[in-house]
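Please consult the sequence and the structure shown here while reading.

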Amino acid sequence: MRRRRLLALSCALTASLVTGCGLVPGETGQERSTVVVWLMKDSASEEFLDRFTEEFERTHSGLDLDIRIQEWTGIGEKVHAALESDAADAPDVIEVGNTQVPQYIEGGGLLDLTLESMRDWGMRDWLPGLAEPGQQLSAQYGIPWYAANRVVVYRKDLFERAGITAPPRTRDEWLEITGKLNSGGDQGIYLAGQDWYTLAGFIWDEGGDLAEESGGSWRGSLDTPAALRGMDFYRRLQALGSGPVDADEEHPPQAGVFAEGRVAQIIAVPGLARAIVQRNPGLEGKLGFFPVPGKSPDRPGAVFTGGSDLVVPKNTDVRDGAVAVVEALAGAEWNTELARTMNYVPNKTTLAAKVADEEGVAAMAAGAAQGRATPATPDWANVEADNPIKEYMTKVLTGADPAGEARRASRRITEALTAPAG
């Protein structure tokens with residue numbers, strides 16, 4: 001068993017201490033425990049972590065925090081090793097990407113936090129895109145921490161010039177106004193042909209998915225009628241601009257394309273607006289944000305939700321302390337503070353109003369309520385390694401038969417999800 005408990009100094013009678021001794025001022029003789037917390041680089045500011053640590057230690061007598069910042073590169077192997085470690089400095093709480101949780105659940109190294117989630121933490125209000133990847137067979141292992149998702153970043157001045165007085169609230173309205181904006185040398189929208197995260201949202205809106213599980217087995221499902229409808233909407237929207245059909249949103253980086261000044265809309269996280277203005281200061285004050293529209297005006301469109309969950313290794317020897325850290329970080333007070341400090345979406349739909357005064361974050365929060373994550377199988381990384389969805393999208397956008405290409409891509413997804421380990 002790992003030992004990290006630090007006993008406070010106490011007086012010991014030995015031959016060399018014959019004059020007697022007393023406790024050092026401030027000593028209580030109380031046993032203290034240290035909770036080692038792994039958080040990812042740039043997830044929280046140093047100032048936020050300092051304030052959290054001070055308040056946590058003040059309100060949790062006998063607990064000390066040791067927060068250690070980790071790099072995303074290579075983190076998967078490092079977490080797997082930590083879940084099997086008996087080292088004294090192994091982590092007791094770990095921040096992991098929401099879509100990574102299934103692979104750690106599969107190994108059996110995570111603590112089941114279902115009771116706390118249901119009884120104390122209000123799990124019914126969690127963002128589904130964070131909560132669902134942290135579940136397996138109704139048990140909750142990953143606790144939602146923060147989210148970020150795509151919105152529509154748009155040029156307010158180009159909207160006004162086209163006589164558009166308000167952002168669209170439905171897909172049909174979106175197509176209509178984007179068509180108006182796609183004129184006079186301006187692109188109505190810059191949408192790369194292989195932006196598969198955006199496609200996923202359209203497929204989810206139609207009731208489909210990228211892959212589906214049945215009887216413990218996974219199969220690709222781009223060939224379902226619902227998924228084909230999602231791809232068809234993507235095709236119609238993508239045609240209202242000049243985005244490359246054979247590349248994703250990073251090739252070239254869409255922030256640079258938008259900064260050139262002839263694009264009315266892109267689909268991106270709001271934080272990209274800073275990079276755009278840095279490249280083109282003339283756009284300062286001209287950028288706005290709205291949620292990706294849905295099929296009806298009363299609900300935004302579904303979006304891929306990125307972000308992080310908190311997990312507790314089963315091998316921790318400070319279970320209560322680790323749970324207390326998760327409860328504090330994911331609780332309303334500090335979760336709201338994190339969201340406001342870092343421009344994230346809080347982990348609960350009920351906290352969305354707390355960030356309503358920041359336009360970009362408010363748009364994210366509205367979309368996050370309909371957010372989803374990639375299929376909750378530990379083998380999904382195999383799909384992304386040689387992503388057949390991108391090739392499928394390019395084929396459809398260059399005129400190939402959607403149904404036939406969807407069947408081929410679905411077979412490749414199924415093969416990736418059922419490939420033997422090793």
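E116 and R319 form a salt bridge, in which the closest N and O atoms are 3.1 Å apart. E116 belongs to helix α4 (residues 114–119) and R319 to helix α12 (residues 319–330), so the pair ties together parts that are 203 residues apart in sequence. The model discussed here is predicted. E116 is buried, at 8% relative accessibility, whereas R319 is partly exposed, at 33%. In total, the count comes to 27 salt bridges.

| Pair | Closest N and O atoms |
|---|---|
| E116 and R319 | 3.1 Å |
| K395 and E405 | 3.9 Å |

K395 lies in helix α16 and E405 in helix α17, so this pair joins parts that are ten residues apart in sequence. K395 is partly exposed, with a relative accessible area of 32%, while E405 is buried at 11%. Through shared partners, salt bridges join D386, E391, K395, E405, R408 and R412 into one network.

The sheet is open and has three strands in the order β11-β8-β12, with antiparallel pairing. β11 (265–268) and β12 (287–290) stand at the edges with a single partner strand each, so one side of each has no neighbour in the sheet. Four bridges join β8 (residues 151–155) to β12, and R155 stands opposite L287 in β12. Helix α11 (residues 272–279) packs on the sheet and touches β11 and β12. Its buried residues are A273, A275, I276 and V277; they pack against α10 (254–259), β11 and β12. Helix α14 (residues 359–368) lies across β8 and β12, at about 20° to β12.

How values were computed
Residues numbered from 1 in each chain as written. Predicted model: local features only at pLDDT ≥ 70, side-chain atom pairs only at ≥ 80, totals over all residues. Heavy atoms only, no water. Pairing = 2+ DSSP bridges. Helix = DSSP H or I, 4+ residues; strand = E, 2+ residues; numbered from the N terminus. Contact = heavy atoms within 4.5 Å. Axes fitted to C-alpha atoms, helices over the stretch in contact; angles between N-to-C directions. Buried < 20%, exposed > 50% of the residue type's maximum accessible area, 1.4 Å probe, protein only. Salt bridge = Lys/Arg side-chain N within 4 Å of Asp/Glu carboxyl O.
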